[in-house]
Amino acid sequence: MVLPVDINGTGYSVNPADFQPMFQGIAETDAEAHWLFGNDNPTMADMLSGQLMTPRLSTRLTAGGTGYTSAPTLTRSGTGQTIPQALTATLTSGAVSSFTETDPGSPDATAQGSVAATGGGGSGAVIASGLAPAPTQNAGSLTLADATTNNLNGYQTPIDIKRDQTICLAVKRKALASTTMIVGWWPIGNTRTPAWMVQVTAAGYVAFSRASGGNFSGDAQTVAPPAGSVGDWLFLAVTHDAAGARRIDWGNGTVYSQAGALDVADVRHRVGIGGSTYAYAGGGDFAELMVFQAAKTSAQIAAIYARSKARLLTRGITLL
């Protein structure tokens, strides 16, 4: 940018400190990344630096063979397999337990077929796989398909999980039922649990953060969403501070806290939305996602919520 100078050419005629962002009111300028979802953002690029979200329509395999000492080469085939895919295998106890593919958002994502495994020292060449339906880009939102039967479904960001981090998102309220999850962080591979998640159960929303024991068994925290109806758009923030304590903020001011919840010894997790474990891949609707490199206070969250509410209203979405 070229700034105008004063008549003597010795200083600016406009104080740079008084400048306002060109897209003021759109992106959260102190965020690490800020995504708006919908069919006007088909590349899934964030508004601050263009970081992309990667679709994760990987499968939970029904058969994986035995005796593999190294990852075999995987090839997927079948009706509708029109786009070449690069598949990467994950091994568990000598079997191919899962795989990821480079472009699961392609038309191939809805095609059935099989995966052939060659090399790697094992046997059990044909792997049956049922693929999750592709996500849907709507006007101002993203819908992840229900993929609870032998599938995973979600989007992964390039941002690592960490303490001193806040995730804010706009989600559509789901019916209280089991095997659904509205947000989760999951590892590069598919064999491990996410680092945290907010699950929708028959009783309410339940927040978990993975403790040093590697599980959620002592960490369940039931949180009530704002009053309203299924289909309402809600603002949800999940914060972990430097000590690992978790705080859940709903946009209407309800706050839940739990100390010492998060362990981050495993750095192979990414921030994401949707299902990261096949049992919790029940889909969901999302309007935006913000990632902050700080443990925001409740007052700061309230201000972000107010801006999100105004921002989404112009996109046809009313936050409760």
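The protein chain exposes about 13,700 Å², of which carbon and sulfur atoms supply 55%, these accessible areas coming from the Shrake-Rupley method with a 1.4 Å probe, with only the protein chains shown counting as cover for residues. This is a predicted model, in which local features need pLDDT of at least 70 and side-chain atom pairs count only at pLDDT 80 or more, while totals for chains, interfaces and linings use all residues. Residues are numbered from 1 along each chain as its sequence is written, and side-chain values use heavy atoms, with hydrogens and water left out.

**Confidence and overall make-up**

- The average pLDDT of the protein chain (the predictor's confidence in each residue, from 0 to 100) is 78, and 69% of the residues score at least 70.
- Over residues 19–25 the pLDDT falls below 50, and this stretch has five contacts in the model beyond near neighbours in sequence, a contact meaning heavy atoms within 4.5 Å.
- The protein chain holds one helix and 21 strands, these being DSSP runs numbered from the N terminus (helices are H or I, at least four residues; strands are E, at least two).
- Of the 320 residues in the protein chain, 48% are buried, where buried means under 20% relative accessible area, exposed over 50%, and partly exposed in between (1.4 Å probe, protein chains only).
- Among contacts between residues at least 6 apart in sequence, 66% join residues at least 24 apart.

**Strand E21 and its partners**

- Nine of the nine residues of E21 are buried, so this strand is largely enclosed by the rest of the structure.
- E21 (residues 284–292) runs antiparallel to E1, to which four bridges join it; two strands are taken to pair if DSSP finds at least two bridges between them.
- Strand E10 (residues 142–144) pairs with E21 in the antiparallel sense over three bridges, with Leu 142 opposite Phe 286.

**Nonpolar cores**

- The largest nonpolar core has 34 residues, and those with the most contacts inside it are Phe 37, Val 198 and Ile 273; such a core is a set of buried Ala, Val, Leu, Ile, Met, Phe, Trp, Tyr and Cys residues joined through side-chain atoms within 4.5 Å.
- A second, separate core of 16 residues includes Phe 235, Ala 237, Ile 304 and Tyr 305.
- Not counting residues up to four places away in sequence, Phe 37 touches, among others, Met 44, Leu 142, Ile 273, Phe 286 and Leu 289.

**Individual residues**

- Met 44, in the loop between strand E1 (33–36) and strand E2 (54–55), has a phi near 60°, a positive value in a residue other than glycine, and is buried, with a relative accessible area of 2%.
- Asp 164, in the loop between strand E11 (154–160) and strand E12 (165–172), likewise has a positive phi, of about 55°, although it is not a glycine; Asp 164 is partly exposed, at a relative accessible area of 35%.
- Ser 209 lies in strand E15 (residues 205–209) and counts as buried at 0% relative accessibility.
- The side chain of Ser 209 makes a polar contact of 2.7 Å with the side chain of His 240 and another of 2.9 Å with that of Arg 246; a polar contact is a pair of N or O atoms within 3.5 Å, where within protein one must be able to donate a hydrogen and the other to accept it, and residues adjacent in sequence count only if both atoms are side-chain atoms.
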